[in-house]
Amino acid sequence: MIEISQEVQYLLNRLEQNGYEAYLVGGCVRDALLGRVPQDWDLCTSASPAQTAACFLDQRISLAGFRHGTVGVLLGGHPYEITTYRAEKGYTDGRHPDKVNFVSDLKQDLARRDFTVNAMAYHPRRGLVDPWRGQADLEQGLLRCVGDPFLRFSEDALRILRGMRFASTYSFEIEENTARAAVHCRRRLEQISAERVQAELSRFLTGSMAGQVLSRFWPVFAAVLPECGEDPVVWEQTAARLSRAKADLTVRLAVLLSGVPQGVAALERLRFGKKLSEDVRTLVAKAKGHPFTDITAKQLLREMGEPMARCWVDYRFAMDGEENRYREWRLTLERTLREGQCYSLRQLAIGGRELMSLGYTGPQVGACLEHLLDRVIRGKTENTAPALLEQANRQKSGGSTISSQ
Ligand code: ATP
Ligand code: MG
């Protein structure tokens with residue numbers, strides 16, 4: 001039994017009252033059977049896209065996916081997707097079906113879906129429709145292609161990465177034949193657009209089993225990340241590091257690409273955003289120094305800000321695996337933050353205005369503030385207005401060069 005919201009019930013009813021079949025399908029059925037809260041509820045129907053749209057003329061609808069058979073209905077601020085039963089034929093280019101055929105049979109629609117656990121439909125009165133035995137696979141935690149995996153991965157290689165993603169995020173085992181086909185067909189991933197690879201790779205990386213899946217399937221990842229090379233020893237080491245890394249995309253990308261000369265270029269090639277690429281570059285580029293003191297912690301915070309400083313410690317732990325050391329580092333960092341120790345210009349007891357009243361002008365102001373912050377971080381000057389002003393004065397009269405004493 002799957003619990004269904006009023007909105008979903010309304011969508012099903014409306015289609016049925018108009019003489020069409022309608023079912024919940026795909027990810028939401030899988031997740032509901034697993035006891036997880038589905039991200040979104042997708043429906044499939046025997047109604048054509050135009051017929052579906054006609055059923056919901058009194059609602060806000062989206063026709064963006066109309067050509068592919070999908071009508072979006074906005075209910076209670078949430079978008080629901082209703083897709084006409086489809087069969088896809090002839091993927092000559094390995095990514096797009098040559099032709100989308102709308103069909104009247106639910107079973108045909110389920111047959112075109114990627115994995116058995118994703119190929120189930122559910123109706124509150126008619127129950128589960130599961131011709132590919134997805135429920136049994138779900139109970140065993142097995143990810144298995146619908147039909148011949150070599151054929152299915154040749155049709156659309158993105159399914160290989162989707163498989164890696166589901167294995168990583170749901171801890172599914174990949175069924176033996178499906179696993180063999182994934183590795184065998186991996187080169188076809190070269191035909192998949194950067195955006196689609198990026199989306200699946202991101203979700204794969206933040207899954208709880210990313211390290212384990214990478215260890216077994218690294219050739220698949222080498223196919224989408226040729227920059228990382230093909231050395232099994234290197235991939236094995238990366239997999240072990242990933243297993244230790246916090247489930248954060250920035251940290252895990254840094255682990256994946258650390259030591260890869262073209263690593264950041266790879267991120268740009270795969271259309272990861274500018275900010276993310278920059279953050280990954282920052283984590284990888286920062287050398288570690290010992291020991292990790294309050295001063296080091298504050299310097300780190302000054303350099304990269306609070307969230308990234310935490311990421312860097314997580315990244316270092318993943319790379320080096322010295323649990324005790326990095327627990328200490330983390331504690332030092334958190335204590336520094338908790339105590340409100342000064343590490344940023346914002347926290348400095350004086351600002352540019354005070355310096356200008358001492359006669360500082362132009363770029364001198366910023367330079368002096370940075371220098372004062374440096375002294376405060378290193379404990380050379382107290383973070384109070386009188387102490388800072390005195391120091392600023394001394395520097396001014398001591399000439400224009402800023403000493404680092
Ligand atoms: P989630 O939304 O939780 O990431 P999902 O399984 O719902 O997982 P979607 O991308 O939303 O994934 O796809 C919805 C359904 O469409 C899938 O469950 C599957 O049945 C089918 N599907 C998606 N992509 C493919 C594909 N490349 N090949 C075959 N079927 C697919
Ligand atoms: Mg979905």
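## Pockets and domains of a predicted model

In this predicted model, the lining of the second largest pocket comprises 6 nonpolar, 2 polar and 2 charged residues. The space in this second largest pocket amounts to about 180 Å³. Its lining consists of Ala-167, Ser-171, Phe-172, Glu-173, Ile-174, Met-209, Gln-212, Val-213, Arg-216 and Phe-217. Two elements, β11 (173-174) and α10 (210-224), each contribute at least two residues to that lining. The largest share, 4 residues, is supplied by α10.

The largest pocket holds about 1,400 Å³ of space. Its lining is formed by 39 residues, and Arg-86, Arg-112, Arg-113, Asp-114 and Arg-162 are those closest to the pocket centre. Two or more lining residues come from each of α2 (27-33), β2 (42-45), β5 (78-84), β6 (86-89), α7 (158-170) and α9 (194-205). Among these elements, α7 provides the largest share of the lining, with 7 residues. By residue class, the lining of the largest pocket contains 9 nonpolar, 10 polar and 20 charged residues.

| Pocket | Volume | Element with the largest share of the lining |
|---|---|---|
| Largest pocket | about 1,400 Å³ | α7, 7 residues |
| Second largest pocket | about 180 Å³ | α10, 4 residues |

The position of the largest pocket can be described in terms of the domains. The domain assignment of the protein lists domain 1 (6-133), domain 2 (143-247), domain 3 (286-341) and domain 4 (345-397). Because domain 1 and domain 2 both give residues to its lining, the largest pocket lies between these two domains. The centres of domain 2 and domain 4, taken over C-alpha atoms, are separated by 53 Å.

One residue, Gly-366, may be described individually. Gly-366 is part of helix α18, which spans residues 363-377. The relative accessibility of Gly-366 is 35%, so this glycine counts as partly exposed, a class that lies between buried, under 20%, and exposed, over 50%. Leu-345 stands 21 residues from Gly-366 along the chain, and the C-alpha atoms of the two residues are 9.7 Å apart.

Key:
Residues numbered from 1 in each chain as written. Chains lettered and ligands numbered in written order. Predicted model: local features only at pLDDT ≥ 70, side-chain atom pairs only at ≥ 80, totals over all residues. Heavy atoms only, no water. 1 Å grid on protein atoms, 1.4 Å probe; cavity = no way out; pocket = protein on both sides within 12 Å on 5 of 7 lines; lining within 4 Å. Points joined across faces, edges and corners; volume = space filled by probe spheres on them. Nonpolar A, V, L, I, M, F, W, Y, C, P; charged D, E, K, R; others polar. Domains from an automatic or database assignment. Buried < 20%, exposed > 50% of the residue type's maximum accessible area, 1.4 Å probe, protein only.
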